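These are my notebook entries on one protein chain. I set down each item that I looked up, together with what I found.

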Amino acid sequence: MSLLRLTFLGTSAAQPTLHRNLSGLTVKADSDLLLFDCGEGSQRQMVRFGTGFTVEAAFFTHFHADHYLGIIGFLRTLGMMGREHPLRLYGPPPARRLLHQAVHLGVDALAFPVEIHELKDGDSVRRDGYTVHAVGVDHRINALGYVLAEDSRPGRFNLAQARARGVPEGPSFGKLQRGEAVTLADGTTVRPEDVVGPSRPGRRLVISGDTRPCASLINAAKDADLLVHESTFSDDEQERALETRHSTAREAARVAREAGVRRLILTHLSSRHDTDPSKLLGQAREEFSGPVEVAHDGLTVELPLRD
């Protein structure tokens with residue numbers, strides 16, 4: 001997998017504002033387009049920010065209305081566009097009941113299959129070149145975070161070493177890179193480890209969904225390339241964060257620090273911080289020394305390959 005690109009469709013908590021839509025995030029993983037949450041208006045944001053509509057799977061963190069009601073219109077649009085191949089929808093219980101209602105709300109049956117799958121903490125969805133893991137988090141209702149974990153990549157091919165061992169260029173190079181031994185014309189066997197370096201770790205993207213800081217997410221986010229964590233409130237709204245089972249920006253940054261992540265992006269902002277999230281950013285930077293920023297609608301981020 002070479003491309004791993006995020007586009008933030010909506011970064012507001014609970015209600016849309018003039019500048020921020022409700023929760024939604026697309027992830028382009030090579031040829032796959034994934035959708036994480038789908039608040040009202042997400043499909044318009046997809047048009048606005050040019051993500052395309054070729055979504056293979058949608059993952060819901062939980063079923064508060066601001067995180068999933070947009071799927072109703074999105075499904076209708078896909079039907080009008082002539083989609084035929086299946087769309088897979090994933091989420092914690094009661095995903096089957098609520099998403100079934102969304103699929104069948106107010107119109108005839110869709111012309112393409114919709115598969116609904118319920119996930120719990122520890123479940124995984126295997127895709128080509130990566131896996132999406134579900135992580136139980138701490139919110140007012142049943143909720144999940146997600147970890148997109150790329151497969152390890154082969155080590156670097158040492159061209160000079162291969163030539164020095166007499167390996168002819170062409171198909172033999174490919175066999176060695178695929179982990180297969182090659183027998184030369186003189187009977188010598190060249191093994192992959194003779195000319196290929198150690199495997200390289202894949203990238204890890206972690207999406208918190210709505211949650212209080214919790215050990216399960218910290219453990220799942222260890223050494224992640226990017227943590228996207230909700231930061232609904234600032235320090236002076238701590239009591240409200242506890243009451244609603246959300247996180248402050250400082251708490252999100254503390255999760256990032258304890259997990260040892262490489263980069264943190266804050267999202268799901270209360271309307272109090274709609275146009276000026278500087279307070280959130282400042283408090284987060286007091287806790288986390290790595291790169292940290294506040295997401296805005298349309299923010300696009302590409303995660304580089306690991307060495």
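**Entry 1**

Does Thr244 count as buried or exposed? The model I consulted is a predicted one. I looked up Thr244 and found that its relative accessibility is 8%. The cut-off for a buried residue is under 20% relative accessible area, so Thr244 counts as buried at 8%. I then located Thr244 in helix H9. Setting aside its neighbours within four places in sequence, I noted contacts of Thr244 with His139, Arg140 and Phe233.

**Entry 1: the largest pocket**

I next looked up the largest pocket, whose volume is about 270 Å³. Its lining consists of 19 residues, and those closest to the centre are Ala13, Ala14, Thr232, Phe233 and His246.

**Entry 2: the largest cavity**

Rolling a probe the size of a water molecule over the atoms shows where empty space is left. I looked for cavities of 30 Å³ or more and found 1 in the structure. The space in the largest cavity comes to about 180 Å³. Of the 19 residues that line the largest cavity, I listed Ser23, Asp37, Ile207, Val228 and Thr267 as the closest to its centre. Two or more lining residues come from each of strand S1 (4-10), strand S2 (24-29), strand S3 (32-38) and S13. Which element gives the most to this lining? S13 does, with 3 residues. By class, I recorded 5 nonpolar, 11 polar and 3 charged residues in the lining of the largest cavity.

I examined helix H11, residues 278-285, and listed its buried residues as Leu280, Leu281, Gln283 and Ala284. Seen down the axis of H11, these buried residues fall within an arc of 165 degrees, and therefore they line one face of the helix. What do the buried residues of H11 pack against? I found helix H10 (249-259), strand S14 (264-267) and strand S15 (292-294).

I then turned to helix H4, residues 95-103, where Ala95, Leu98, Leu99, Ala102 and Val103 are buried. Because the buried residues of H4 fall within an arc of 140 degrees when seen down its axis, they line one face of the helix. The buried residues of H4 pack against H2, helix H3 (70-80), strand S5 (87-91) and strand S6 (114-118).

**Entry 3: salt bridges**

Side chains of opposite charge can pair when their charged atoms come close. How many salt bridges does the count come to? I recorded 26 salt bridges, and I looked up several of them in detail.

I began with Arg163 and Glu169, which form a salt bridge with the closest N and O atoms 2.6 Å apart. Arg163 is partly exposed, with a relative accessible area of 46%. Glu169 has 52% relative accessibility and counts as exposed.

I then looked up the salt bridge between the side chains of Arg306 and Asp223, for which the N to O distance is 3.1 Å. This pair links distant parts of the chain, 83 residues apart: Arg306 is in the segment after strand S16 (300-302), and Asp223 is in the loop between helix H8 (215-220) and strand S13 (226-230). Arg306 counts as buried at 8% relative accessibility, whereas Asp223 is partly exposed at 37%.

The next pair was Asp236 and Lys279, whose closest N and O atoms are 3.5 Å apart in a salt bridge. Here too the pair links distant parts of the chain, with Asp236 in the loop between S13 and H9 and Lys279 in helix H11, 43 residues apart. I noted that Asp236 is exposed, with a relative accessible area of 58%, and that Lys279 is partly exposed, with 41%.

Finally, I asked which residues are linked in a network of salt bridges. I listed Asp235, Arg250, Arg254, Arg257, Glu286 and Glu287.

Definitions and conventions
Residues numbered from 1 in each chain as written. Predicted model: local features only at pLDDT ≥ 70, side-chain atom pairs only at ≥ 80, totals over all residues. Heavy atoms only, no water. 1 Å grid on protein atoms, 1.4 Å probe; cavity = no way out; pocket = protein on both sides within 12 Å on 5 of 7 lines; lining within 4 Å. Points joined across faces, edges and corners; volume = space filled by probe spheres on them. Buried < 20%, exposed > 50% of the residue type's maximum accessible area, 1.4 Å probe, protein only. Helix = DSSP H or I, 4+ residues; strand = E, 2+ residues; numbered from the N terminus. Arc of directions from axis to C-beta. Contact = heavy atoms within 4.5 Å. Salt bridge = Lys/Arg side-chain N within 4 Å of Asp/Glu carboxyl O. Nonpolar A, V, L, I, M, F, W, Y, C, P; charged D, E, K, R; others polar.
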